[in-house]
Each structure stands twice: as structure tokens, then as C-alpha cells.
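Q: Please walk me through this model feature by feature, giving the general idea before each case.

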Amino acid sequence: MQKTVVAVVVALIVIAAAWWFWARQNDATAGDTLVLQGNVNIRQIALAFNGTGRITELRAEEGHVVEANEVIGVLDTQALALQVAQAKAQIEVQRQIVLKLRNGARPEEIDQVRSQLASAQAQARSAQSDLTRRQQLFGVSASSVSVLDIENAELAVEVANQKVNEIQAALALTKAGSRSEEIAGAEAQLASAQAQLALLEHQIDEAQLRSPQKAVVRSRLLEPGDMATPQQPVVTLALTDPKWIRLFVSERDLGRVRVNMPASIFTDSQPDQPIAGSVSFISSVAEFTPKTVQTEELRTSLVYEVRVLVGNDDGNLRLGQPVTVRIPLETAP
């Protein structure tokens with residue numbers, strides 16, 4: 001009698017196990033619906049400053065939602081601000097030099113050179129008159145004027161004439177104004193100073209850490225007072241849109257799934273509120289392959305990654321959250 005009872009119990013256990021296995025298999029594909037388990041994935045950004053400096057301010061706390069282009073952190077820019085002031089002063093000095101070269105000499109400066117020319121011409125006439133007088137005296141009486149006096153007077157005339165020629169050339173240059181090459185060189189120096197100012201202002205702008213798009217602050221990796229570098233992230237951001245589910249489909253069901261197929265996403269906390277999604281990616285490479293040599297038995301162990309893109313979930317899904325995805329296979333194209 002005892003053996004009969006044991007046999008009946010064993011038979012019931014076997015039947016129950018068979019029924020559970022059948023129900024599990026049938027549930028996975030019941031009604032031509034593929035049921036898969038997966039986890040929510042969100043793209044993340046490790047945000048860092050483009051420059052090096054000490055952090056003076058961080059405006060976002062963990063869990064805060066930041067908008068696109070919102071300033072999250074600021075570096076110390078006092079030294080850059082002083083350099084900007086210096087660059088602006090240099091630009092103004094160079095701008096005045098360019099204006100001076102473009103406008104040429106003032107009328108007062110031309111009149112001044114003309115006065116110098118008139119004075120030099122008068123000195124030349126005086127020297128020439130003195131030479132003529134000495135030459136006449138030398139012809140009448142050689143004893144009153146020596147040959148040396150004549151040579152000195154001739155030298156004075158030559159010097160006076162050279163002075164006249166020099167001032168005449170200076171007057172011509174003053175009237176003509178600056179050369180085009182000089183103006184171009186001054187303008188190039190002005191452009192260089194303006195470019196240096198633009199670079200400094202860009203560096204000040206880069207000292208502000210901005211969110212590239214709307215996201216949620218996951219973690220603050222640095223704090224005010226820390227030194228920041230382009231290689232060291234300051235905060236990590238989680239992009240709330242788009243969200244997607246990572247699934248793995250067996251080789252047996254791989255041919256039944258297509259891109260753009262609709263899917264329903266269920267969570268344990270809200271099992272009666274499905275979230276709409278669609279298949280966006282099917283991997284062409286198998287994962288978790290036990291061996292490179294595939295036998296007919298091992299082929300069923302191959303799995304392929306599938307991604308389901310989530311629509312509007314009203315913020316109910318969280319990174320890493322386990323979910324159940326149902327894909328109705330009858331809608332496959």
C-alpha cells in the first residue's frame with residue numbers, strides 16, 4: 001500500500017512538472033505572442049569641462065532635471081577676465097594707430113613741414129650769398145679772403161641745399177600719407193588682437209558646463225573647489241528620451257521577430273498599465289555562445305540581442321528596471 005502511495009505521489013509530481021513546463025512554454029508564445037524578459041536602458045553622458053580650472057559652482061543636484069543648454073557648473077575665470085581687459089586695451093591702441101595711418105597727416109603737420117622747408121631755403125640763400133660775396137672779395141684782394149674761406153662757404157652752401165632737399169622729401173611724404181603696406185600691416189595686427197580677444201572670451205564661455213540636452217543628473221563626481229580637467233567627468237547625465245529595453249531572443253524565435261513590430265511593456269509595479277513600444281534593433285551576432293562548433297543541440301542555446309524602443313512612458317521606467325515585453329507575432333510584416 002505504501003509503495004502505491006509513493007508511486008502515485010511521484011506520478012503526480014512528474015505530471016505537475018510536465019504541466020508547469022508546458023504552461024511556461026505555452027505562455028511564452030500563447031496566442032502567437034512572444035513573452036520576453038529584459039531591462040530598461042538609458043543612454044548616459046559623462047559631462048566634463050573643455051578647459052582646466054578650479055570649480056567655483058555646481059548648480060545641479062543628483063536627481064534634478066536639467067534642460068538643454070542649462071548651465072550646470074562654472075570654473076574660476078578671474079585670470080581670463082583680466083586678460084580680456086588687457087586685450088581690449090591693446091585693441092583700442094591698435095585701432096587708433098590704424099586710424100592715424102588711414103587719415104594721414106593733419107593740415108597743421110603739413111604747415112609745420114612747410115615752415116621748416118622755408119627756413120631751410122632761407123639758410124641756403126644766405127649761404128649762397130655769403131659764398132658769392134667771398135668769391136668777389138677774393139678776386140679783388142686775395143689777402144682779405146683765403147682759399148679756405150671760399151671752400152668753407154662752398155661747403156655751407158652744399159649743406160644748406162641738402163637740408164632743403166631733405167625737408168622737401170619729408171613734405172612730399174607727409175602729403176602722400178602712409179604706404180598701403182603700412183596700413184595693411186597695422187590692420188593685420190588689429191585683427192590679430194581681436195582674434196586673441198575672441199579666444200579669451202571663448203575660453204570664458206567654455207568655463208561654463210552646459211547640458212547638451214534635457215536629462216536627469218545621475219551623479220556628481222566633483223564638487224566646488226575641485227580641479228577640473230577635460231579628461232575628468234564632473235557629472236553624469238541620464239537621457240530620459242529615448243528609453244529602450246534590452247532583450248535576448250533564442251535562435252528558435254529569432255525568425256519570428258521583425259524590426260518595427262509593436263510591443264507592450266509591463267512592469268511589476270504596474271502590471272495592468274502596459275507601455276507601448278516597438279522593436280528597433282535585432283542583432284546579427286549571437287551572444288552567450290557556448291562553443292564555436294555548433295551542433296544541432298547547441299544551436300538552441302544561441303541568443304540574439306533585441307532592442308525595443310519605448311514610447312511615452314510618463315517617467316515610469318527607471319534605468320535597469322526589469323520589465324516584461326510581449327510582442328504580438330501576428331502583426332509581423
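**Reading the model**

Q: In which hand does α2 pass α5?
A: α2 passes α5 in a left-handed crossing, that is, with the near helix turned anticlockwise from the far one by less than a right angle. The model is predicted, so local features need pLDDT of at least 70 and side-chain atom pairs pLDDT 80 or more, while totals for chains, interfaces and linings use all residues. Residues are numbered from 1 along each chain as its sequence is written, and side-chain values use heavy atoms, with hydrogens and water left out.

Q: At what angle do α2 and α5 pack, and how far apart are their axes?
A: Helix α2, which covers residues 78–103, packs against helix α5, residues 180–206, at an angle of about 160° (on a scale from 0 to 180 degrees between N-to-C directions), and the two axes are 9 Å apart. That angle makes α2 roughly antiparallel to α5 (over 145 degrees). Sorted by class, the residues in the contact of α2 with α5 are 15 nonpolar, five polar and six charged, where Asp, Glu, Lys and Arg count as charged and Gly is among the polar ones.

Q: How many helices and strands does the chain have?
A: The chain's secondary structure comes to six helices and twelve strands, taken as DSSP runs of at least four residues for helices and at least two for strands.

Q: In what order do the four strands of the open sheet lie?
A: Strands of a sheet pair through backbone hydrogen bonds, either parallel or antiparallel. Here the open sheet has the order β5-β4-β2-β7, and the pairing is antiparallel; two strands count as paired if DSSP finds at least two bridges between them. β5 (208–210) and β7 (227–228) stand at the edges, and since each has a single partner strand, one side of each is left without a neighbour in the sheet. Between β4, residues 71–75, and β5, three bridges are found in the antiparallel sense, and V74 has Q208 in β5 as its bridge partner.

Q: Which strands does β6 pair with?
A: β6, residues 215–220, runs antiparallel to β3, residues 65–66, and is joined to β3 by two bridges, with A215 in β6 as the bridge partner of V66. β6 also runs antiparallel to β8, residues 235–250, through four bridges, and there T236 in β8 is the bridge partner of S219.

Q: Is S219 buried or exposed?
A: S219, in strand β6, is buried, with a relative accessible area of 19% (buried means under 20%, exposed over 50% and partly exposed in between, with a 1.4 Å probe and protein chains only). Leaving aside residues up to four places away in sequence, S219 touches E62, V234, V235 and T236, a contact being heavy atoms within 4.5 Å.

Q: What share of the chain's residues counts as buried?
A: Of the 333 residues, 29% count as buried. Among contacts with a separation of 6 or more, 76% come from residues 24 or more positions apart.

Q: What is the phi of N69 and of N260?
A: Most residues other than glycine have a negative phi. N69, however, has a positive phi of about 70° although it is not a glycine, and N69 lies in the loop between β3 and β4, where its relative accessibility of 54% counts as exposed. N260 likewise has a positive phi, about 80°, without being a glycine; N260 is found in the loop between α6 (251–254) and β9 (262–266), and counts as exposed at 63% relative accessibility.

Conventions
Angles under 35 degrees count as roughly parallel, over 145 as roughly antiparallel, 65 to 115 as roughly perpendicular and the rest as oblique.
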